[in-house]
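Subject: Structure for you to look at

Hello,

Here is the structure I promised. Please open it before you read my notes.

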Amino acid sequence: MTAMVRAESVHKSFGLVEVLKGIDLEVKRGEVFCLIGPSGSGKSTFLRCINHLEKVNAGRLYVDGELVGYRQKGDKLYELKDSEVALQRRDIGMVFQRFNLFPHMTALDNVMEAPVQVKGMGRSQARERARELLEKVGLADKADSYPAQLSGGQQQRVAIARALAMDPKLMLFDEPTSALDPELVGDVLDVMRDLAESGMTMVVVTHEMGFAREVGDSLVFMDGGVVVESGDPREVLTNPQHERTQAFLSKVL
Amino acid sequence: MTDKIDKEPADTPPRASLAPETIKAIPVRHYGRYVSAVIVLALVALLVNAFATAEKIQWSAVGDKLFDSTVLAGAGRTLLISVLAMIVGVVLGVVLAVMRLSKNPVTSWVAWFYIWFFRGTPVYVQLLLWFNLALIFPMLNLGPIYKDEMTDVMTPFMCALLGLGLNEAAYMAEICRAGLLAVDEGQTEAAHALGMSHGRTLRRIVIPQAMRVIVPPTGNEFINMLKTSSLVYAVTYNELLRATSTIGSTSYAVMEMLFVASIWYLVMTSVFSVFQYYLERRFARGSSRSLPPTPWQKIRVNLMAFSRERGV
Ligand SMILES: Nc1ncnc2c1ncn2[C@@H]1O[C@H](COP(=O)(O)OP(=O)(O)OP(=O)(O)O)[C@@H](O)[C@H]1O
Ligand SMILES: [Mg+2]
């Protein structure tokens with residue numbers, strides 16, 4: 001069985017600054033894959049490469065066996081058209097640090113938007129499904145609220161429901177709890193834990209070491225655009241081998 | 001601090017349970033307001049008196065001609081040409097703004113050039129250019145689609161519409177561009193991450209949010225348009241100013257007819273200002289936790305508070 005995500009020597013530069021300097025890793029189906037590392041180490045950039053919000057400069061990135069953003073013919077690479085990239089992104093859900101809900105739509109409309117607009121699902125069917133998803137994240141009673149009327153934790157749970165509405169095979173989380181007050185973090189992590197139990201493949205950039213230890217199946221520590229250490233989360237977090245990992249963990253734990 | 005509270009006997013009632021007496025204080029007197037009000041009233045009285053008693057103004061003519069059918073038709077045409085030119089301006093403006101922001105350098109430069117030309121020359125000149133187009137192109141020849149004498153195509157109405165509309169588009173393009181840029185990039189990313197195409201993201205996510213920034217200046221543009229439309233006098237389109245001036249010069253009531261025109265311009269701009277208030281309110285949806293009350297709601301709340309005070 002192919003891996004859900006396979007990165008082969010992924011490089012990414014912004015102008016002259018090289019942010020990713022050759023990332024090799026594999027995310028297996030159904031696993032919760034945690035990415036940790038100091039600020040500026042390139043975690044978000046790597047995550048955004050997975051759904052082609054950023055273009056990879058060198059190396060290859062595959063999702064479900066399919067090359068992301070390009071088509072290979074012989075030894076030539078062709079850039080995909082916008083519509084083809086959009087098609088690839090349908091199956092990859094993403095949750096952002098700052099939620100990025102659509103402020104002019106109610107929670108329910110936020111969740112319905114993509115199924116109706118992208119998949120062409122009927123409105124009533126989409127509405128029913130959206131209600132189910134909101135219920136799943138514990139927000140059935142907030143369906144008609146606008147994002148500005150919701151707390152950060154509630155907004156983030158709506159954002160998760162919105163991503164799930166496209167029935168993705170892979171979910172990307174970029175520090176989903178970093179912008180939240182401490183007492184709201186738990187609700188969001190609970191939803192993510194349920195999702196992990198349901199068998200969703202998840203790549204999670206996080207500073208929540210407790211979550212990584214408890215729910216994570218693999219963990220990667222990144223620093224300076226390279227993978228420094230990887231393995232079982234409990235192993236790496238309690239017994240880091242590399243000096244830089246030790247230094248980082250001693251600061252955050 | 002904390003040990004002080006701890007030392008208090010447990011059976012003393014908490015202070016907060018006693019509601020404090022409502023404060024009845026003598027308010028500060030604002031003498032300056034009374035003085036300035038008196039001065040302003042006096043000046044207004046002088047001004048009104050000067051106009052009212054001016055022997056050369058026939059006030060009855062103003063009243064007579066206010067609802068004259070020619071005047072009404074002129075006001076109607078002013079409204080018509082303003083609305084149509086504004087529609088041309090908004091539609092073309094949105095297109096130009098999107099072109100200007102597009103990654104395609106050709107479209108972006110075309111838009112830049114358009115805006116440069118139409119913002120850089122006076123509307124009055126542009127109107128005259130359209131009006132006199134027949135001087136250099138006597139025939140309009142669009143190949144197999146259309147062919148006609150330029151003077152037949154460039155009627156006063158067409159000159160007015162093109163002159164005002166195309167000029168407005170340049171201003172609207174800049175307003176729309178600012179609006180589109182004001183929308184957080186995270187919105188586009190979220191939409192793209194859901195698999196929405198560029199066009200759909202623009203239509204469903206970005207433009208609706210940009211409207212909140214676009215609507216207020218667009219309202220001002222329309223109010224300006226109502227007034228700027230008086231310039232189409234020059235291309236012989238029979239709008240409000242031309243209609244009133246024609247009556248004015250034939251009946252020797254020049255000033256009176258200018259008053260009539262002013263009254264109608266004021267009516268139109270005032271009515272639209274109210275309309276704009278409600279429009280802005282509608283597009284503020286979702287941007288704050290609750291919408292500000294409308295004037296009517298404010299009056300209702302005040303009345304209710306008043307009657308409660310009086311014990312009614
Ligand atoms: N669009 C961009 N243009 C230029 N530089 C960028 C861009 N995006 C990211 N960078 C740079 O790339 C580096 C890695 O950024 P990235 O956001 O991936 O870090 P991160 O590991 O997610 O950090 P954090 O924990 O703070 O979110 C940073 O030095 C950042 O300044
Ligand atoms: Mg980041």
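This is a predicted model: local features need pLDDT of at least 70, side-chain atom pairs count only at pLDDT 80 or more; totals for chains, interfaces and linings use all residues.

Residues are numbered from 1 along each chain as written, chains are lettered from A in the order written, and side-chain values use heavy atoms, without hydrogens or water.

Strand 11 of chain A

Strands here are DSSP E runs of at least two residues, and helices are H or I runs of at least four, numbered from the N terminus. Strand 11 covers residues 218–223, and six of its six residues are buried (under 20% relative accessible area, 1.4 Å probe, protein chains only). S218(A), V220(A) and M222(A) point one way; L219(A), F221(A) and D223(A) point the other. Strand 3 (residues 32–36) runs parallel to strand 11, with four bridges (pairing takes at least two DSSP bridges). There, I36(A) partners F221(A). Strand 12 (residues 226–231) pairs antiparallel with strand 11 over five bridges. D223(A) partners V226(A). In that hairpin, G224(A) has a positive phi near 55 degrees.

Chain A against chain B

Contact (heavy atoms within 4.5 Å) involves 28 residues of chain A and 21 of chain B. The rule finds three salt bridges across the interface (Lys or Arg side-chain nitrogen within 4 Å of an Asp or Glu carboxyl oxygen). E113(A) forms one with R204(B), the closest N and O atoms being 2.7 Å apart. Elements giving two or more residues to chain A's side include helix 3 (107–117) and helix 5 (152–164).

Best wishes

Definitions and conventions:
Buried means under 20% relative accessible area, exposed over 50%, partly exposed in between (1.4 Å probe, protein chains only).
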